[in-house]
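Dear colleague,

Please find the structure below, handed over for your use. My findings follow it.

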Amino acid sequence: MTPNDIKNYQDMWENEEYRIKLRKGLALAERRMLKHKAVLDELVIQSTPDGKIFETPAAKLLEDCYGYHINK
């Protein structure tokens with residue numbers, strides 16, 4: 001194994017750690033946004049893979065995706 005191979009492996013490892021942290025941060029931001037919108041009884045715009053657009057109550061998404069119920 002050459003020093004260049006080791007450096008490439010380290011970069012790959014650090015990149016994977018970065019992707020994990022990024023996904024966790026995005027999930028946290030999504031959960032916070034859904035909680036905020038659910039308290040305000042707002043809708044969230046979503047789309048399907050084939051491009052169909054629809055609205056869903058934020059409280060329903062929050063409960064379905066995260067098991068979190070908003071008491072009003």
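This is a predicted model: local features need pLDDT of at least 70, side-chain atom pairs count only at pLDDT 80 or more; totals for chains, interfaces and linings use all residues.

Asp41 sits in the loop between helix H1 and strand E1 (43-47); helices (H or I, at least four residues) and strands (E, at least two) are DSSP runs, numbered from the N terminus. With 58% relative accessibility, Asp41 counts as exposed. Here buried means under 20% relative accessible area, exposed over 50%, and partly exposed in between (1.4 Å probe, protein chains only). The C-alpha atom of Asp41 is separated by 7.2 Å from that of Ala59, 18 residues apart along the chain.

Residues are numbered from 1 along each chain as its sequence is written, and side-chain values use heavy atoms, with hydrogens and water left out.

Overall, the protein has two helices and two strands, following the pattern α-β-β-α along the sequence. Of its 72 residues, 11% count as buried.

The largest nonpolar core comprises seven residues: Leu34, Ala38, Val44, Ala58, Leu61, Leu62 and Ile70. Such a core is a set of buried Ala, Val, Leu, Ile, Met, Phe, Trp, Tyr and Cys residues joined through side-chain atoms within 4.5 Å. Helix H1 (3-39) and helix H2 (58-66) each supply at least two residues of this core, and H2 gives the most, with three. Leaving aside neighbours within four places in sequence, Leu34 is in contact (heavy atoms within 4.5 Å) with Val44, Ala58, Leu61, Leu62 and Tyr66.

Thr56, in strand E2 (residues 53-57), is buried, with a relative accessible area of 9%. Its side chain is joined to that of Gln46 by a polar contact of 2.9 Å. A polar contact is a pair of N or O atoms within 3.5 Å; within protein, one must be able to donate a hydrogen and the other to accept it, and residues adjacent in sequence count only if both atoms are side-chain atoms. Not counting residues up to four places away in sequence, Thr56 touches Leu43, Val44, Gln46 and Leu61.

Finally, Leu22 lies in helix H1 and, at 41% relative accessibility, counts as partly exposed.
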